[in-house]
Amino acid sequence: MLGMAARVIREARPRRGFGGTMAQDGSRKVYVKSYGCQMNVYDAQRMADVLAPEGFSETTEMADADLVVLNTCHIREKAAEKVYSELGRVREMRRDREAAGGAMQVVVAGCVAQAEGGEILRRAKGVDLVVGPQSYHRLPALLDAARVRPVVDTDFPADSKFDALPQPRPERTRQRGVSAFVTVQEGCDKFCTFCVVPYTRGAEVSRPVTAILAEVERLVAAGVREVSLLGQNVNAYHGEGPDGAAWTLPRLMRRLAETPGLARIRYTTSHPGDMDDDLIALHGDLPAAMPYLHLPVQSGSDAILAAMNRRHGRDEYLRIIERVRAVRPDIALSSDFIVGFPGETDADFRDTMALIAEVGFAAAYSFKYSPRPGTPAADNVAQIPEDVKTARLHELQALLDRQLRAFNAATVGRTVDVLVEKPGKHPGQMVGKSPYLQAVAFEGRGAQAGDIVPVRIGGLGNFSLLGERADIEPDRESA
Ligand code: SAH
Ligand code: SF4
Ligand code: F3S
């Protein structure tokens, strides 16, 4: 099994005071690098938050760091292998620091930590702590113990990390911007035959409604205008409500939408099997729910979907899309695709291409199937040759690119509400997001981060849509 067994090397000596090497000014620096999904980004923030009371501030320069955390992803082989090359780089930095009389502690966190545990210590030198995603609240104690000897903690502890993780101070939230991630559900019970997540993140757990409300209210009080609710299967959310009943995701979203100051709510990632009627209906009647749905389908072939254990067929997926579009015709659809799953024939691949052509996606992520140790599909004898996977991926991505460009082009001439995030590259320019999650750059003319302004889209830039504010007259003099 993939690192499910808890391998914990407990602290050998009594806890020493944390901060033995604290710099003169009492501050130390932590550098966190995240790979993989948005939940890792959220986790990285939570790790920084748990370290802040210990005197750590964040740095974006690894060379300046007293503590380096690699927050890893195990989803595909390439992602997992990246960690080892990065650890080589970290080791050099550490040597340089130590040569200059400093010190550096090195932590491997995230899904590779959970899956590989102590194996990481054997494969890479210079790692002090390997810590799985369910133990981040114990970081200070674990770091302390790791001063004596390397520590591995891949437990699924009985105490919930969510209860123990501190919330950031308002200044910190403000620095992180007007759009925030909030994990509401973690783990997965679906066991798709290609996927490591049920092993690395464990069984599905939903946070209680009151904890989420409190977190969102804090974020909004510090200036956040948009929250993205995260979960590996976010629409399977079933957290305990204040009334003691299990609340669904749409019920949670409707309640969150009552938060004064919160303008936008997004959620990701959803599973087609959990798209219930109320969640679909909400896209038609809840203004705060953004018209964007990331709904991974993986394949358009029923045979492959069955072999993947996706628990739904092609038609079921298409029917969901139809129903969502019926209540929200302009919704932007996004998906994940895997090509070259074991046994995928050319006809199966054509089914995927046909599904894409039928739906029309605004965005998508697509991958070559990567066999993952411990997952059923990795043992399948019908593995697809690499060159076939590559050719299929290119063809599929070309179609998806055309659809993405078409979706963006269709926005030209329209006026869309933009949530302003930050200044752009050019003087006076501001950038933000459309409801469809497109980046938009425009002449700010007084617009501040957190404002929502109507922007008339005039054209397409390389990485964003370009527009002008539609709520004030164009400035003739500067034009
Ligand atoms: N929980 C989400 C996605 C989890 S992982 C869901 O159920 O859809 C994100 C994406 O990575 C998946 O949707 C899938 O497209 C891709 N992925 C997962 N395992 C993979 C593997 N072994 N090889 C290639 N892609 C994979
Ligand atoms: Fe992985 Fe499937 Fe769970 Fe998504 S639903 S996290 S793809 S096992
Ligand atoms: Fe990767 Fe773990 Fe996320 S495997 S995609 S970091 S849940």
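Tutor: A polar contact is a pair of N or O atoms within 3.5 Å; within protein, one must be able to donate a hydrogen and the other to accept it, and residues adjacent in sequence count only if both atoms are side-chain atoms. Here, a nitrogen atom of ligand 1 is 3.0 Å from a polar backbone atom of Phe194. This is a predicted model, in which local features need pLDDT of at least 70 and side-chain atom pairs count only at pLDDT 80 or more, while totals for chains, interfaces and linings use all residues. Residues are numbered from 1 along each chain as its sequence is written, chains are lettered from A and ligands numbered from 1 in the order in which they are written, and side-chain values use heavy atoms, with hydrogens and water left out.

Student: Which side chains have a polar atom close to an oxygen atom of ligand 1?

Tutor: Among them are Gln298, with a polar side-chain atom 2.6 Å from an oxygen atom of the ligand, and Arg76, where an N or O atom of the side chain is 3.1 Å from an oxygen atom of ligand 1. Of the 540 Å² that ligand 1 exposes when taken alone, the protein buries 89%, with areas computed by the Shrake-Rupley method using a 1.4 Å probe and, for residues, only the protein chains shown counting as cover.

Student: How many residues surround ligand 1?

Tutor: A residue is near a molecule or strand if one of its heavy atoms lies within 4 Å of it. For ligand 1 there are 15 such residues, and the closest are Phe194, Gln232, Gln298, Asp336 and Ser370. The shell divides into 6 nonpolar, 4 polar and 5 charged residues, where Ala, Val, Leu, Ile, Met, Phe, Trp, Tyr, Cys and Pro count as nonpolar, Asp, Glu, Lys and Arg as charged, and the others, Gly among them, as polar.

Student: And what is the make-up of the shell around ligand 2?

Tutor: That shell has 7 nonpolar, 2 polar and 2 charged residues, including Cys188, Cys192, Cys195 and His271.

Student: How should I read a helix crossing?

Tutor: Axes are lines fitted to C-alpha atoms, for helices over the stretch in contact, and angles run from 0 to 180 degrees between N-to-C directions; helices (H or I, at least four residues) and strands (E, at least two) are DSSP runs, numbered from the N terminus. In this model, the axes of α11 (residues 277-285) and α13 (residues 314-327) come within 7 Å and cross at roughly 35°.
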